[in-house]
Amino acid sequence: MEKNEKSVYWNWLAASFALAGIIVFIFATFGPPASSSGFVSVLKGFLQAVAPDYATAKAHYRMSPGPDSWVFAFVLGMAIGGFVAGRTFKIPVRDIPEIWEKRFGPSRFKRYAATFFGGFLILFASRMAGGCTLGLFISGSTQLAVSGLYFGVLIFAVAMLTARILYGETGKEGRHD
Amino acid sequence: MTKILLGLFSGIAFGFVIQRVGATNPDRMARAHLMLESDIPKFMLTAVMLSAIGLYGLQTVGVGRTLILPTSLVATGLAAVIFGIGWGLSGYCPGTAWAALGEGRMDAVFAFLGGLAGTACFAHLHERLVPLLYDPTNLGQITLADGISSKPVAVLLLVGVFTLSVWAIDRFWGYREPAR
């Protein structure tokens, strides 16, 4: 049942070693990796250009690096890495995931509205906690931080519950990609 | 300049790997959350424990920089709940949104725009929300090593718990024939 997909995606264990190598490299050459702060650096750069007074008045922008930083270069790199990997991949990208289409139909508006709202929630929350899946769960747990482990357990549990409520039995019939 | 190039290089490698393992595909992420597909969670947890071992190695030779984020019972916990709802709904987290955006997924573009809006919103409310939610239950920069006092034992404990979790995910995630 999993043959088709297994042959396309990397083996998870090999990929884990690759990612851990990159993470350790980042700790050695920079410090704890993060990606939600990349969103802050984009906004900070934008606000410094259009509303410099607001950018200096707000603590959240004062404490975060702007676009001339490691973290902004990192998130930009992630987009480039995603672009290169996507262009050289066997499966074409979809704008609406299969499981979503099965459950909610092919409406682009519905899917984009949902990811916009989802994106809003994950970044609002990441900025409240001080980090995201990478900046708090992965970076934190790697450093044995209780904050990262606490955050990690809860995000997995709540995401699993949310997906269950959202999709119900959809997807259980089999794989599609 | 070096830090920019290092960041760019690290990001490209990171984005490439998470795309290749399928973490930027929200369909795969949704099925991971539904306990139908085990590769992504196994990948995440294994990468963390290997990184913890690697970082311990770095620290014993005195290389690298660490920064422990504080644990605020209320703010970290509430944020995790909000985050989990957004993650389950969209299938994206902040890091995968960047890579999926580069990959050319239109729904990731909207997740990204929503992310900018969410960031702007929290940044605007920072002065009001942090003293209200974060500071009162802030336990400080606590780590597993505080309770155990021996760093290598704490690393081993983390590796043990994560290995057990990976085993459990491997065992309990996946397709089962529908009961009829």
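This is a predicted model: local features need pLDDT of at least 70, side-chain atom pairs count only at pLDDT 80 or more; totals for chains, interfaces and linings use all residues.
## Chain B overall

Chain B has eight helices and zero strands. Read from the N terminus, its elements run α-α-α-α-α-α-α-α. The C-alpha trace of chain B spans about 50 × 40 × 40 Å along its principal axes.

Chain B has 180 residues, and 53% of them are buried.

## The contact between the chains

The contact draws 106 residues from chain B and 104 residues from chain A. On the side of chain B that touches chain A, the elements giving two or more residues are helix H1 (2-20), helix H2 (26-33), helix H3 (39-60), helix H4 (73-90), helix H5 (94-103), helix H6 (106-134), helix H7 (144-148) and helix H8 (151-172). H6(B) supplies the largest share of that side, 21 residues.

Sorted by class, the side of chain B that touches chain A holds 64 nonpolar, 31 polar and eleven charged residues.

## H5 against H6 in chain B

The axes of H5(B) and H6(B) come within 8 Å and cross at roughly 135°. The crossing of the pair H5(B) and H6(B) is left-handed.

From H5(B), the residues in the contact are Pro94(B), Ala97(B), Ala100(B) and Leu101(B). In H6(B) they meet Ala108(B), Val109(B), Ala111(B), Phe112(B) and Gly115(B). By class, the contact of H5(B) with H6(B) has eight nonpolar residues, one polar and no charged.

## H1 against H5 in chain B

H5(B) also meets H1(B). The axes of H1(B) and H5(B) come within 10 Å and cross at roughly 80°. Angles of 65 to 115 degrees count as roughly perpendicular, and H1(B) and H5(B) are therefore roughly perpendicular to each other.

H1(B) brings Gly15(B), Ile18(B) and Gln19(B) to this contact. H5(B) brings Thr96(B), Trp98(B), Ala99(B), Gly102(B) and Glu103(B). The contact of H1(B) with H5(B) divides into three nonpolar, four polar and one charged residues.

## Phe16(B)

Phe16(B) sits in helix H1 of chain B. It counts as buried because 24 C-beta neighbours lie inside 10 Å, and the cut-off for buried is 20 or more.

Leaving out residues up to four places away in sequence, Phe16(B) touches Gly81(A), Val84(A) and Ala85(A). Within chain B, Phe16(B) and Glu103(B) are 87 residues apart in sequence and 9.7 Å apart in space, C-alpha to C-alpha.

Asp95(A) is in the loop between helix H6 (70-87) and helix H7 (98-104) of chain A. It is partly exposed because 17 other C-beta atoms lie within 10 Å. Beyond its neighbours within four places in sequence, Asp95(A) is in contact with Arg108(A) in its own chain, and with Arg105(B), Met106(B) and Asp107(B) in chain B. Asp95(A) and Ser126(A) are 31 residues apart in sequence and 25 Å apart in space, C-alpha to C-alpha.

Helix H3 of chain A covers residues 36-50, 15 residues in total. Its first and last C-alpha atoms are 22 Å apart, close to the 21 Å expected at 1.5 Å a residue. Buried residues in H3(A) are Ser36(A), Ser37(A), Gly38(A), Phe39(A), Val40(A), Ser41(A), Leu43(A) and Lys44(A).

Most residues other than glycine have a negative phi. Two loop residues of chain B call for a look here.

Met35(B) is not a glycine, yet its phi is positive, about 65°. Met35(B) lies in the loop between H2 and H3 of chain B. With 18 other C-beta atoms within 10 Å, Met35(B) is partly exposed.

Ser149(B) is not a glycine either, and has a positive phi of about 70°. Its place is the loop between H7 and H8 of chain B. Ser149(B) has 8 other C-beta atoms within 10 Å, so it is exposed.

Conventions
Residues are numbered from 1 along each chain as its sequence is written. Chains are lettered from A and ligands numbered from 1 in the order in which they are written. Two residues are in contact if their C-beta atoms, placed from the backbone, lie within 7 Å. Helices (H or I, at least four residues) and strands (E, at least two) are DSSP runs, numbered from the N terminus. Ala, Val, Leu, Ile, Met, Phe, Trp, Tyr, Cys and Pro count as nonpolar, Asp, Glu, Lys and Arg as charged, and the others, Gly among them, as polar. A residue is buried if 20 or more other C-beta atoms lie within 10 Å of its own, exposed if 12 or fewer, and partly exposed in between; C-beta atoms are placed from the backbone. The expected span of a helix is 1.5 Å times one less than its number of residues. Axes are lines fitted to C-alpha atoms, for helices over the stretch in contact, and angles run from 0 to 180 degrees between N-to-C directions. A crossing is left-handed if the near helix is turned anticlockwise from the far one by less than a right angle, and right-handed if clockwise. Angles under 35 degrees count as roughly parallel, over 145 as roughly antiparallel, 65 to 115 as roughly perpendicular and the rest as oblique.
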